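Here's a fold to talk through, strand by strand. Have a look before the questions start.

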Amino acid sequence: MTTATYQVSGMTCENCVHAVTGELANLDGVSDVRVALNPGGESAVKVISAAPLAAEAVAAALDEAGDYHLVR
């Protein structure tokens, strides 16, 4: 198991949390997603997966969820 925490911008409410959680949970190998919402700032998104995720895959899932961006 691998745990990674990503900083994500653009999240403002619980609907954002649900959208991001749903898209990231659909990535292969992901077993858990937890979001520490910081409305209007950078939210911490903790992802537990079987193997490390490519940053491109995480960024694509965030884009699919809405106007959310991986802070690099």
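**Pairings and packing**

In this predicted model, the bridge partner of Thr2 in S3 is Ser49. Residues are numbered from 1 along each chain as its sequence is written, and the model is predicted, with local features needing pLDDT of at least 70, side-chain atom pairs counting only at pLDDT 80 or more, and totals for chains, interfaces and linings using all residues. Side-chain values use heavy atoms, with hydrogens and water left out.

Q: Over how many bridges do S1 and S3 pair?
A: S1 covers residues 2–9 and S3 covers residues 42–49. Two strands count as paired if DSSP finds at least two bridges between them. Here the sense is antiparallel, and the number of bridges is eight.

Q: Which residue in S4 is the bridge partner of Ser9?
A: Ser9 has a bridge partner in S3, Glu42. S1 and S4 also pair in the antiparallel sense, over two bridges. On the S4 side, the partner of Ser9 is His69.

Q: Which strands stand at the edges of the sheet?
A: Four strands form an open, antiparallel sheet in the order S2-S3-S1-S4. Each edge strand has a single partner strand, so one side of each is left without a neighbour in the sheet. Those strands are S2 (30–36) and S4 (69–70).

Q: What angle does the direction of H1 make with that of S2?
A: Helix H1, residues 14–25, packs on the sheet and touches S2 and S3, a contact being heavy atoms within 4.5 Å. Axes are lines fitted to C-alpha atoms, for helices over the stretch in contact, and angles run from 0 to 180 degrees between N-to-C directions. For H1 and S2 the angle is about 160 degrees.

Q: In what order do the elements run from the N terminus on?
A: The protein has two helices and four strands. These are DSSP runs, helices being H or I of at least four residues and strands E of at least two, numbered from the N terminus. The order is β-α-β-β-α-β.

Q: What percentage of the 72 residues is buried?
A: Buried means under 20% relative accessible area, with a 1.4 Å probe and protein chains only. By that cut-off, the share of buried residues in the protein is 29%.

Notes. Buried means under 20% relative accessible area, exposed over 50%, partly exposed in between (1.4 Å probe, protein chains only).
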